[in-house]
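Subject: Structure for your review

Dear colleague,

Please find below the structure that I am handing over to you. A summary of the findings comes after it.

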Amino acid sequence: IPPTRVGGEIRFPDGRLTVPLVSAAEAYRQLDQGDPEPCPGRPKRQGLPSPGGPTVEPGPDGWVTSAPQTACLALTVTGVTFGTVPVHTSRGEAQVPAWLFTIEELATPVARLAVASTAVTPVPEPATPPRPLPDGLVAAQDLAAVDGAGLTVRLGVGACDTGITPLVWEGPDAVVVGGGVTRSTGVCPDLLKLEPVTVTLAAPLGARPVLDVFTGAPLSIAAR
């Protein structure tokens with residue numbers, strides 16, 4: 001395991017930020033979730049050289065199941081290097097320090113961000129509650145994707161809303177997004193539905209934050 005690194009640097013399009021880092025050993029502990037459960041529909045392994053294989057070959061005397069077979073594969077970490085990975089932030093795409101684990105069974109390394117949790121703080125809440133949105137206007141919940149000048153935003157709409165239309169205001173320092181809808185006049189379940197919409201900016205997003213029209217808070221990439 002490489003030695004512990006005390007500090008690193010996040011490189012934003014408009015500047016740099018020095019942050020504390022975790023060691024490779026700590027990053028590995030965050031990745032290691034212990035031994036997986038046996039595959040659904042398959043017996044437990046009993047000393048077989050092939051991970052996840054059955055104890056008895058299928059046949060007249062073998063196991064029988066109608067469930068889809070799920071491949072079980074043990075992953076072997078063979079090395080680790082220190083590098084960076086691209087991460088979308090409210091200041092554009094940043095290069096963030098990461099530990100890159102080489103996995104014998106995978107073609108590409110598995111990355112774990114090396115930034116210590118003490119350097120990450122939640123987005124501050126607004127000092128005063130936002131005013132209600134005008135009828136027919138909905139808020140953006142998060143960003144689904146950013147590709148140059150293209151933004152895919154998930155709007156929070158009603159279960160029976162129609163005519164869902166993305167709305168965007170673009171300035172030199174920020175981009176504000178929301179949406180317009182036509183409300184249903186009939187009885188409808190009181191449910192929030194996330195609806196992805198795509199907008200094309202006049203220029204690539206770059207370091208500009210994307211703000212929700214309702215709260216004014218910067219939007220982050222949705223977890224997958």
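The notes below go from the overall fold to individual side chains.

The model is predicted: local features need pLDDT of at least 70 and side-chain atom pairs count only at pLDDT 80 or more, while totals for chains, interfaces and linings use all residues. Residues are numbered from 1 along each chain as its sequence is written, and side-chain values use heavy atoms, with hydrogens and water left out.

Overall fold

Of the 224 residues, 28% count as buried, where buried means under 20% relative accessible area, exposed over 50%, and partly exposed in between (1.4 Å probe, protein chains only). Among contacts with a separation of 6 or more, 60% are between residues 24 or more positions apart; a contact means heavy atoms within 4.5 Å. The accessible surface of the chain is about 14200 Å², and 56% of this belongs to carbon and sulfur atoms. Accessible areas come from the Shrake-Rupley method with a 1.4 Å probe, and for residues only the protein chains shown count as cover.

Disulfide

The count comes to one disulfide, defined as a pair of cysteine sulfur atoms within 2.5 Å. This disulfide joins Cys 160 to Cys 188, with an S to S distance of 2.0 Å. The pair links distant parts of the chain, 28 residues apart: Cys 160 is in the loop between β8 (150-158) and β9 (162-170), and Cys 188 is in the loop between β10 (175-182) and β11. The torsion about the S-S bond is about 100°, so the disulfide is right-handed. Cys 160 is partly exposed at 28% relative accessibility, and Cys 188 is partly exposed at 30%.

Salt bridges

There are six salt bridges in the structure, each being a side-chain nitrogen of Lys or Arg within 4 Å of a carboxyl oxygen of Asp or Glu. One of them joins Asp 142 and Arg 154 at 2.8 Å, N to O. Asp 142 lies in strand β7 (residues 140-147) and Arg 154 in strand β8, so the pair ties together parts 12 residues apart in sequence. Asp 142 is buried at 12% relative accessible area, whereas Arg 154 is partly exposed at 27%.

Glu 170 pairs with Arg 208, the closest N and O atoms being 3.1 Å apart. Glu 170 is in strand β9 and Arg 208 in the loop between β11 and β12, 38 residues away. Arg 208 is buried at 12% relative accessibility. The Arg 208 side chain also reaches the backbone oxygen of Gly 171 at 2.9 Å and that of Ala 203 at 3.2 Å. These are polar contacts: pairs of N or O atoms within 3.5 Å; within protein, one must be able to donate a hydrogen and the other to accept it, and residues adjacent in sequence count only if both atoms are side-chain atoms.

A buried leucine

Leu 219 lies in the segment after β12 and is buried, with a relative accessible area of 9%. Leaving aside residues up to four places away in sequence, Leu 219 touches several residues, including Leu 143, Val 153, Val 177 and Asp 142.

Kind regards

How values were computed: Helices (H or I, at least four residues) and strands (E, at least two) are DSSP runs, numbered from the N terminus.
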